[in-house]
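Have the model open as you read.

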Amino acid sequence: MISREFGRTFWRNQTSVDYALRDLAAGHLEDHDFRLLADGIPTLCWIANGDGYIVWYNRRWHEYCGSTPAQMEGWGWQSVHDPAQLPSVMERWQASIATGEPFEMTFPLRGADGVFRPFLTRIQPMRDASGRIRRWFGVNTEVSAQMQAEQALRDSETQARADAERVQLALAAGAIIGTWVWDIPANRFTIDDNFAVNFGLDPELGREGLSLEQVTMTVHPDDQAGLAAAIQDALARGGDYAHQYRVRRRDGRYHWIEANGRVELRDGEPLRFPGVLLDVNARHAAESALREAEERLRLATQVAEVGFWDYDPATDVLVWPPLVRAMFGVADDVPVTIADFYEGLHPEDREPTTAAFAAAADPAQRALYDVEFRTIGRNDGAIRWLAAKGRGLFDQTGHCVRLIGTAIDITARKEAEARLRDLNDSLEVANEEIKRYAHVVSHDLRAPLVNIMGFAQELQSQRDEMFDAGRLPKTDPQRQQAERDFDESLSFIRAATQKMDGLINAILKVSRHGQQPLHPEPLEMEALVKKLADSIRHQTETAGAVITIAPLPPLVADPLAVGQIFGNLLDNAVKYLEPERPGRIKISGEARGREVVFHVADNGRGIRPEDQARVFELFQRVGKRDQPGEGIGLAHVKSLVGRMHGSISLVSEAGVGTTFTVTLPRAAAN
């Protein structure tokens with residue numbers, strides 16, 4: 001870049017510098033008159049001495065550049081030049097100064113608004129009588145519009161050449177099946193022979209010229225209104241035109257074509273309308289077949305309840321039809337992105353599902369996307385199980401360009417599997433209980449049966465002696481002893497049979513309760529437990545005990561089953577109190593999410609640690625057996641709690657007391 005200081009130094013070393021504006025051409029124009037004339041010129045102009053030092057600019061220069069004479073004098077003009085082009089301007093200008101040749105060059109100048117605009121600059125030397133250059137007169141003319149017009153012309157010519165090449169290629173490939181030119185003021189269509197054939201018209205008449213009405217007479221009746229509207233629209237606005245419709249050929253069959261053209265305007269009026277015809281019949285047939293296939297696929301997927309999804313990683317466009325949107329609880333009219341997919345995943349399933357999706361999009365893995373996961377509906381909050389399958393599509397460079405696949409709602413299947421697992425678990429528990437019951441029954445029934453068999457055998461062995469003693473007088477000691485032995489044996493047999501009867505009735509009781517259906521209904525637990533406490537008030541008052549009922553959360557459950565659970569727990573709490581201290585029994589509870597938890601606490605005799613695991617087993621009685629019972633109460637409670645999908649546990653310390661904890665679903669489980 002040539003600096004202003006360089007210019008000053010350069011010109012200080014020159015000789016014969018004259019900054020005065022004397023006669024520009026001897027005897028022809030005064031200095032004052034020239035300034036007035038130049039200030040009125042709409043272009044930028046200036047005067048330099050013979051050595052190139054600029055001494056004056058017209059008003060238009062300062063208006064455009066936003067400068068003052070002091071800023072521009074000499075070499076100040078460099079400040080409004082494009083720094084990138086200034087070196088070449090200086091080189092050309094210095095060459096003209098050295099040779100005396102006129103200067104002509106186009107370069108940008110910065111305006112007062114900071115915008116660079118192109119200017120054509122012409123500089124002519126003014127010589128004196130001896131031929132020495134005394135002045136340079138420069139004119140800068142803005143050529144923005146001219147350059148834009150030239151560029152537009154070049155672009156138009158380039159587009160025309162490209163269009164001509166495309167037309168030639170289309171003709172060579174057989175894509176164009178006819179051409180036309182419509183003289184709009186004269187309403188005269190000239191068409192080539194191919195056009196005439198495709199419209200079922202006479203080629204000779206087409207060469208001579210037809211009216212618009214004659215040309216469109218073979219258009220399908222259903223397409224004529226649309227064609228007329230498209231033509232009128234093109235005539236009104238000018239420019240490009242494209243429209244598809246059917247025409248009747250000479251064989252009477254209709255054929256799909258596409259007309260492409262351009263309306264040329266003059267003074268806003270349509271003048272000329274050239275164009276070409278394209279054969280799109282095969283395309284329409286393919287599109288129709290595709291629509292039919294898509295409709296069949298849509299119906300099939302609707303019946304099968306299969307949803308499709310399509311993801312473009314480059315644009316982040318995710319396509320979800322209504323069925324898939326419903327699986328994620330998203331409304332039909334809400335735009336979705338891949339973020340909606342990730343956010344809709346259940347937290348426990350997000351990591352494996354995301355990893356599987358990434359593996360399908362990874363060019364190195366190209367894994368099959370085959371996962372089952374849960375979603376949480378955006379609008380309804382519902383949890384659904386989905387089974388999704390898909391794969392990535394990759395371009396030649398290995399980049400994943402699309403991921404497509406299907407999704408099926410498998411919530412019902414998962415719920416059925418869960419019920420089946422619960423049923424299997426229940427069956428396993430039941431089988432284990434049956435085994436334990438069988439062991440207990442065989443053990444507990446064997447003892448009285450052995451007694452019956454032993455005493456029966458003893459009676460059988462003493463049969464003859466008893467018959468002989470029966471013939472003796474009643475006062476005979478031998479007869480009296482025999483009668484005592486007989487009565488004792490019968491009493492033992494009777495006690496054993498009563499024991500067996502009690503055991504069998506207990507087994508039947510547990511069996512009947514296990515078969516009774518549950519009928520859930522809303523329960524006010526405080527009222528229910530209070531009624532149970534009132535039913536055993538005589539026992540509690542006799543034992544000197546007090547039952548306290550804290551606020552209890554409500555639940556939905558079978559009232560009979562709940563009554564039997566808490567009735568047994570209260571009965572046991574009263575039955576096993578310590579007589580040495582006042583009895584205290586407290587029932588409390590709280591809600592925990594979808595569950596309710598109840599506690600039945602007492603200050604009774606407690607249960608030893610080694611006995612706590614057996615208290616819920618059938619016919620098991622632990623500790624001191626000073627109270628009546630068959631050992632089925634807590635076994636029955638555990639069975640009922642299990643049927644209600646709950647749990648029961650205990651915390652106990654011998655000599656301190658016991659707390660039973662019952663956890664039940666707040667709403668009845670299926």
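## A helix across the sheet

Helix H10 (residues 221-237) lies across strand S6 (176-183), S8, S9 and strand S10 (269-279), where contact means heavy atoms within 4.5 Å. H10 runs at about 165° to S8; axes are lines fitted to C-alpha atoms, for helices over the stretch in contact, and angles run from 0 to 180 degrees between N-to-C directions. Helices (H or I, at least four residues) and strands (E, at least two) are DSSP runs, numbered from the N terminus.

This is a predicted model, in which local features need pLDDT of at least 70, side-chain atom pairs count only at pLDDT 80 or more, and totals for chains, interfaces and linings use all residues. Residues are numbered from 1 along each chain as its sequence is written, and side-chain values use heavy atoms, with hydrogens and water left out.

## The sheet itself

Five strands make up an open antiparallel sheet, ordered S7-S6-S10-S9-S8; two strands pair if DSSP finds at least two bridges between them. S7 (188-191) and S8 (239-248) each have a single partner strand, so one side of each is left without a neighbour in the sheet. From one strand to the next, the twist averages 25°.

Ten antiparallel bridges join S8 to S9 (residues 254-266). Tyrosine 245 has isoleucine 257 in S9 as its bridge partner.

## Two crossing helices

The axes of H18 (residues 525-535) and H20 (residues 559-575) come within 10 Å and cross at roughly 50°. Residues of H18 that meet H20 include Met525 and Leu532, and among those of H20 that meet H18 are Val562 and Phe566.
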